[in-house]
2 protein chains.
Amino acid sequence: MHKTAPTDAPILNTLAVRWSPYVFSPRPVRRVDLQSLFEAARWAASSYNEQPWRFIVGVRGQGDTHARVLSCLTEKNQAWARAAPVLAIGVFMRNLASSGEGNRAAQHDLGLASANLAIEATRRKLHVHMMIGIDPDAAREAFSIPEDAEALTAMAIGYHETELAGGSALRKREASPRSRHPLDEFVFGDHFGQSADL
Amino acid sequence: MHKTAPTDAPILNTLAVRWSPYVFSPRPVRRVDLQSLFEAARWAASSYNEQPWRFIVGVRGQGDTHARVLSCLTEKNQAWARAAPVLAIGVFMRNLASSGEGNRAAQHDLGLASANLAIEATRRKLHVHMMIGIDPDAAREAFSIPEDAEALTAMAIGYHETELAGGSALRKREASPRSRHPLDEFVFGDHFGQSADL
């Protein structure tokens, strides 16, 4: 299945072919690939180079972390995400290590790192499906997350399953066309809401 | 100047060579390049496909938006960012368009879109320097940002200035080696703070 974005302007192919599947293959992710995924996250930009991102990673077949990450997801997400061979939780540090003050960029910068990870995954034919549907308190309990950190996201990482049926509702959901607002609805010039003349 | 990341595992070259300069060239950014930058942002992932990101973009020489964006930055950022031919503000929508409830992923997803933009810029030999040092209230006033949206970041976009001196303090800041925490300090397994066995 290809879901290349129908772009209005040319962009890096890896960005255009990235999408978030619901049906994952049991095929394991190679260790070297996983290392490069997190290495890509590592080199993201961050405010004051604080690198406020943390990840908790569970690999199926290695201890019980995969099962414990799964248990932190909403039931709807658990239903499809359990098939992914790698599950991760995205955590941000609330405060600046430098001053102890709140880091207003923390959630944003976790996003920067996660985007890098997803792009590195895409070029390795892997897929990442990010989720906001998690229980942060359950994650705090399950993984002893301290007060100055907070779980925000989860990620299912693996190969797209193209062979098996995988549940018709999920397949249908996957097959829907990709859509986005046009540029003139989110890139503004003179004022918020007024399209920029790019 | 090359500041390729000294990676411990191989990653996409575009991710490795991205960095945030302080000294921008006055060379303008082509319209087609700008369009592709925001097109790359457009195709980022987002929770419930809400696409909560908005951008206000000022191009030097086109009206006063560039000057007005500049006025929303902290003084320290204004000092170097004024040289960039394109300045943008990153805004997130607080609430889900679907339900009106708060969107917990909004800031994170603005980060996903901004990372895409930075990667597209990098492959076009452009640079993006993101900033958290802005005055959100000044931005609200200057650009009529409504209550259900909030300015979070700014971005200086342009070419790195390699010829002119550009201020020795900024040059020195640019020349510092790139550094990041090693993987075992932010990728955890059994518990938060315990390195994953990747």
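Q: Which residue of E1(B) is the bridge partner of A:Val187?
A: In this predicted model, B:Phe55 of E1(B) is the bridge partner of A:Val187. Local features need pLDDT of at least 70 and side-chain atom pairs count only at pLDDT 80 or more, while totals for chains, interfaces and linings use all residues. Residues are numbered from 1 along each chain as its sequence is written, and chains are lettered from A and ligands numbered from 1 in the order in which they are written.

Q: What makes E1(B) largely enclosed by the rest of the structure?
A: Seven of the seven residues of E1(B) are buried, so the strand is largely enclosed. A buried residue has 20 or more other C-beta atoms within 10 Å of its own, with C-beta atoms placed from the backbone (exposed: 12 or fewer; partly exposed: in between). B:Trp53, B:Phe55, B:Val57 and B:Val59 cover one side, and B:Arg54, B:Ile56 and B:Gly58 the other.

Q: How many bridges join E1(B) to strand E2 of chain B?
A: Seven bridges join E1(B) to E2(B) (residues 86-93), and the two run antiparallel. B:Arg54 has B:Val91 as its partner in E2(B).

Q: Why is strand E3 of chain A called largely enclosed?
A: Five of the five residues of E3(A) (residues 127-131) are buried, so the term applies. A:His127, A:His129 and A:Met131 point one way, and A:Val128 and A:Met130 the other way. E3(A) runs antiparallel to E4(A) (residues 149-158), joined by five bridges, with A:Met130 opposite A:Met155.

Q: Why are H5(A) and H5(B) called oblique to each other?
A: Their packing angle is about 50°, with the axes 7 Å apart. Angles under 35 degrees count as roughly parallel, over 145 as roughly antiparallel, 65 to 115 as roughly perpendicular and the rest as oblique. H5(A) and H5(B) are therefore oblique.

Q: Which helix or strand gives the most to the side of chain B that touches chain A?
A: In total, 68 residues of chain B are in contact with 68 residues of chain A, contact being C-beta atoms, placed from the backbone, within 7 Å. H5(B) gives the most to that side of chain B, with 13 residues.

Technical notes. Two residues are in contact if their C-beta atoms, placed from the backbone, lie within 7 Å. Helices (H or I, at least four residues) and strands (E, at least two) are DSSP runs, numbered from the N terminus. Two strands pair if DSSP finds at least two bridges between them. Axes are lines fitted to C-alpha atoms, for helices over the stretch in contact, and angles run from 0 to 180 degrees between N-to-C directions.
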